[in-house]
Amino acid sequence: MLLLKFFNRFGNRAITGTVLVVMCILSGCIERPLKSLDDICQIFSDRPQWQVAIKRSIERWGVPPEITVSIVYQESSFKSDARPPRRKLLWIIPWKRLSTAFGYAQAIDATWARYQRDVGSVDADRTNFADAVDFIGWYNKHSYTTLRISKSDAKSTYLAYHEGHEGYENRSYRNKAWLVAAAEKVAARADRYRKQLLSCPL
């Protein structure tokens, strides 16, 4: 009876809306949640297009895939529209955000603009996974060449990513115990991803 009243009231609009939602799900415009953030093979199984994007980043920049994916995990938990929290005005009113970081890679405005100029891609979008992992590859490649960080050193790679090259050289992370702990998590996760990749090579 309630269902009949609903359709009598909303009629074709309800039916059309329901059909559109079902079609959208079937066509893939609404992505299902990742089954596991801790298993890189499962991530690639859930998002095959991400695996292709990671492979392209490797070929272009030579950055280990496990480090790239671990950084995405740490920075945004694989959320395309991730942003830093807002400050509070008078402890309760939402105010400005802590930084301009945005997207999968949490790239700030200035660094993202430099990346776009450097690679000649003005259309690159921080909410696009392929663009985000290409950015991470580009940035980390500069870390390896400029700072002489080993490609296998995920902890130092992340510290340079977070603090910037100048900050890393000045060891700005030394008084940030929370950041060093985060870098250690990135390294541990990258090591786990590296071992898992033996079962699902790129």
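The legends below describe close-up views of a predicted model.

**View A. The largest pocket and its lining.** The largest pocket has a volume of about 390 Å³. It is lined by 17 residues, and those closest to its centre are Glu75, Gln106, Ile108, Tyr161 and His162. Two or more lining residues come from each of α4 (65–76), α5 (109–119), α6 (129–147), α7 (154–169) and α8 (177–196). The largest share, five residues, is given by α7. By type, the lining is made up of nine nonpolar, five polar and three charged residues.

**View B. The kinked helix α7.** A kink of about 110° is centred on Glu163 in α7. The helix has 16 residues, yet its end C-alpha atoms are only 16 Å apart, whereas a straight helix at 1.5 Å a residue would reach 22 Å. Just after α7, Arg171 takes a positive phi of about 55°.

**View C. Burial of α7.** Most of α7 is covered, with 12 of its 16 residues buried. Among them are Tyr158, Leu159, Ala160 and Tyr161, together with Glu163, Gly164 and His165.

View D. Gln106 is located in the loop between β2 (93–97) and α5. Its phi is positive, about 50°, although Gln106 is not a glycine. Gln106 counts as buried because its relative accessibility is 12%, under the 20% cut-off. Gln106 is also one of the residues closest to the centre of the largest pocket.

View E. The loop between α4 and β1 (86–89) holds Phe78. This residue is not a glycine, but has a positive phi of about 65°. With a relative accessible area of 8%, Phe78 is buried.

**View F. Arg47 between two helices.** Arg47 lies in the loop that separates α2 (40–46) from α3 (48–61). Is Arg47 buried or exposed? Its relative accessible area is 8%, so Arg47 is buried. Leaving aside residues up to four places away in sequence, Arg47 touches Glu31, Arg32, Pro33 and Leu34.

Terms used. Residues numbered from 1 in each chain as written. Predicted model: local features only at pLDDT ≥ 70, side-chain atom pairs only at ≥ 80, totals over all residues. Heavy atoms only, no water. 1 Å grid on protein atoms, 1.4 Å probe; cavity = no way out; pocket = protein on both sides within 12 Å on 5 of 7 lines; lining within 4 Å. Points joined across faces, edges and corners; volume = space filled by probe spheres on them. Helix = DSSP H or I, 4+ residues; strand = E, 2+ residues; numbered from the N terminus. Nonpolar A, V, L, I, M, F, W, Y, C, P; charged D, E, K, R; others polar. Buried < 20%, exposed > 50% of the residue type's maximum accessible area, 1.4 Å probe, protein only. Contact = heavy atoms within 4.5 Å. Expected span 1.5 Å × (residues − 1). Bend = angle between axes of the 7 residues up to and from the residue.
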